[in-house]
Amino acid sequence: MASGLEPIPISSQKHDPAWKHCQMFKNGDRVQLKCLYCFKLFRGGGIHRIKEHLACQKGNASTCSRVPLDVRLAMQQSLDGVVVKKKKKQKIAEEITNNNPTFGEVDAFTDQGDVTPGLPLLDDSNTPEACSNLVVSRDVISNTTGDKRKRWRGKNSSVNAYTGAMISASLDATRGNNPIFMAVGRFLYDIGAPLDAVSSEYFQPMVDAIASGGPEAAMPSYHDIRGWILKNSVEEVKNDVDRYTATWGKTGCSILVDQRNTEAGRTLLCFLAYCPEGTVFLKSVDASGIMNSSDALYELLKQVVEEVGVRHVLQVITSSEEQFIAAGRRLTDTFPTLYWTPCAARCLDLILEDFAKLEWINAIIEQARAVTRFVYNHSVVLNMLRRYTFGNDIVEPGITRSATNFMTLRRMISLKPNLQAMVTSQEWMDCPYSKKPGGLEMLDIVSNQSFWSSCGLIMHLTNPLLRLLRIVGSERRPSIGYVYAGMYRAKDALKKELIKRDEYMVYWNIIDHWWEQLWHLPLHAAGFFLNPKFFYSIKGDIHNEIVSGMFDCIERLVPDTKVQDKISKEINLYKDAVGDFGRKMAIRARDTLLPVSLLVSLWFADGFSIQLVLAEWWSTYGGSCPNLARLATRIQSQTCSSLADTRNQIPFERIYDTRNCLERQRLIDLVFVQYNLRLKHMVSKKKQQDSMDPMSFDSFSTLEEWITGKDICLEDYGSSDWKAVEPPSGSPMLLGSSDDEVEELAGGFDDYEIFTRVKEGEDE
């Protein structure tokens, strides 16, 4: 940061959307703004110049080279809106002038002198007084002398203020008064819909379709929605599913088993099929009565595999309970061309959960929770914090409670200077809540260097595991080729951070307890072996466990022995980088191209989307080894996790509550459409949408321990007015979020101890 620049919070009164994408600094008596994306510092021009910079509009400001597309479009729309408002305001002013001749004479007169700009608008209580100033005699104007002219300017100021109030009232389409917004809100409240329904990919297209119909547009009836519209939607979704399944012959697929426990006590198993083209929801089954029977679970898994097609399935992913382990083993005996694997995301969650149970880590988490609980239960304190953190929250929801613990600690570290600036500010000292026990405790914790040092150590110990959790749970790319390297990096980071064997073995033991099955899984080893990014980074001999896993996959996934022999020969060409594998382009592309092709959807602000197929390394340079390339494509196209859409707003239970066969089939089709529409847009969901409010009921499943006070006192209600809370509006650029998690996985994989738990040269 340039010397002399002092960061200052952005006031809640600044409503321009561009304020969310810049930081404000004070340099002496001057205020300067910095872009959050390219970090360019503007020494003048105000927020309008920043907006032109973000909109890449040439003229008064340089264009930003790093601004996200959706932000750029939003800034452009805002600039266009300013122009429209100016024209509309000018038009209304002209109409007022035409309807009130006195205004015209006044304006003509005031053009000869100066009028103080920026006068405050009058409120309703002052309107009669303002109106009295409109009664002006023409004689006064014609006979005005120098002294009278000065007195008239004062009266004219009131006239301009009143005119401005009328214009402002006529153009008031703000969030507090917009009739469209109110109509949408009343509808959602009436039907009890989740409030994040407005974030649906289909919300704006629905609004656009209604608007295009004009005032005569007819709305569908109840029977239309549950009749022909649902029928057409089923066909649309089936067409998408057919497009996905058409790729299974090349990529294969993974069957995912997602377990859900309902409020009524049912245990539902949702079956999905994953491939790089997209994830498909197949069906759900009420398994409440068979969850303790490995035989019944085996029969159910066997049925789903046969429905999908054995030739397409490479693996079945479930949770790691004993009954699923037993059922999975029987399944692989029945179908020797596929694997059963436990969910990697669930295993990582259990590892993080055990980390959090360690006494010293648990103590730090509780201290951090003391801060967040105090902040999120007092509106005044929360508003102050969001000003000092530029709209960012200090809690960060993860996909599980355990992930949330460590992600929130990391978020707090990134905002440490902001938190310390807040609790040492005059504003904090003047705040009555800073004197409360919770406020005093917050001051002690935020000012405690030992607390921050411990947070930093925890962050270094858990960051690699959190990164791997994001990789295995991501829909951006198949994760099988990264999971082995990710866990190696996690153990390597622990060893380098703690150095002493007896210290890092505490954490290695926790990892090995939950990861034992996955660490020795042939599919993960083969995924590592066939990922050129990692394979060619190994300087010495490849560890025998990786090579053995690769051969196991060849034998299991390729039944034809002649093809197996061809692959064995082609592996040597791959190892030695012979032919096209050794080209300079292929060597450079090891780090830039994905192992297999990936379909990417790009969504724009108006709902328009395009799909791009990213090139793959194996199809580009593996032509001389066609059999190995085909196997590599199938293996690298798989995922590692059975975690899908975790929201429980899909009405699964209604299927099993109805006893009418026709209605039950209709509900099955409804769930089929709902689930697959959500899965379709999980990949394309825009990251720059409105920030999720941590206090939302939808966030409670993972954030409850961080925002819920242990005891609610009546005296706290006065400071807990939710209507006074300013919404979060943080920018991930401020927090330094990583764009690509897998970029940090590259490097050597030569530590013998990580593979064997024994230091090289020692006896096992």
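**Figure 1. Glutamate 396 forms a salt bridge with arginine 411.** The closest N and O atoms of glutamate 396 and arginine 411 are 3.5 Å apart. A salt bridge here is a side-chain nitrogen of Lys or Arg within 4 Å of a carboxyl oxygen of Asp or Glu. Glutamate 396 sits in the loop between H16 and H17 and arginine 411 in helix H17, so the pair ties together parts that are 15 residues apart in sequence. Helices (H or I, at least four residues) and strands (E, at least two) are DSSP runs, numbered from the N terminus. Both glutamate 396 and arginine 411 are buried. Buried means under 20% relative accessible area, exposed over 50%, and partly exposed in between (1.4 Å probe, protein chains only). The model is predicted: local features need pLDDT of at least 70, side-chain atom pairs count only at pLDDT 80 or more, and totals for chains, interfaces and linings use all residues. Residues are numbered from 1 along each chain as its sequence is written, and side-chain values use heavy atoms, with hydrogens and water left out.

**Figure 2. Arginine 401 forms a salt bridge with glutamate 705.** The closest N and O atoms in this pair are 3.9 Å apart. Distant parts of the chain are linked here: arginine 401 belongs to helix H17 and glutamate 705 to helix H33 (residues 700-707), 304 residues apart. Arginine 401 counts as partly exposed, at 36% relative accessibility. Glutamate 705 is also partly exposed, at 32%. Salt bridges that share partners join Glu366, Arg369, Arg373, Arg401, Glu704 and Glu705 into one network. The salt-bridge count comes to 32.

**Figure 3. Helix H17 is largely enclosed by the rest of the structure.** The buried residues are Ser402, Ala403, Thr404, Asn405, Phe406, Met407, Thr408, Leu409, Arg411 and Met412. At 1.5 Å a residue, the 14 residues of H17 should span 20 Å. The end C-alpha atoms of H17 are 20 Å apart, which agrees. The expected span of a helix is 1.5 Å times one less than its number of residues.

**Figure 4. Threonine 400 makes a side-chain polar contact with aspartate 349.** The two side chains are joined at 2.7 Å. A polar contact is a pair of N or O atoms within 3.5 Å; within protein, one must be able to donate a hydrogen and the other to accept it, and residues adjacent in sequence count only if both atoms are side-chain atoms. Threonine 400 lies in the loop between helix H16 (379-388) and helix H17 (401-414). Threonine 400 is buried, with a relative accessible area of 12%. Not counting residues up to four places away in sequence, threonine 400 touches Asp349 and Thr702. Contact means heavy atoms within 4.5 Å.

**Figure 5. Asparagine 418 is placed in helix H18 (residues 416-423).** At 15% relative accessibility, asparagine 418 counts as buried. Asparagine 418 touches Tyr388, Thr389 and Phe390, leaving aside residues up to four places away in sequence.

**Figure 6. Arginine 243 and aspartate 240 pair within helix H10 (residues 228-245).** The two are 3 residues apart, about one turn of the helix. Their salt bridge has its closest N and O atoms 3.0 Å apart. Arginine 243 is partly exposed at 33% relative accessibility, whereas aspartate 240 is buried at 16%.

**Figure 7. Phenylalanine 39 and cysteine 56 have positive phi.** Most residues other than glycine have a negative phi. Phenylalanine 39 has a phi of about 65°. Phenylalanine 39 is in the loop between strand E3 (30-35) and strand E4 (41-42). At 43% relative accessibility, phenylalanine 39 counts as partly exposed. For cysteine 56, phi is about 55°. Cysteine 56 is in the loop between helix H1 (46-54) and helix H2 (69-99).

**Figure 8. Met206, Ile210 and Met219 form a nonpolar patch on the surface.** Together they have about 280 Å² of accessible area, from the Shrake-Rupley method with a 1.4 Å probe; for residues, only the protein chains shown count as cover. Patches are made of residues with over 30% relative accessible area and no salt bridge: like charges are joined within 9 Å, nonpolar side chains (Val, Leu, Ile, Met, Phe, Trp, Tyr) within 5 Å. Isoleucine 210 is in helix H8 (residues 203-212). Isoleucine 210 counts as partly exposed, at 38% relative accessibility.
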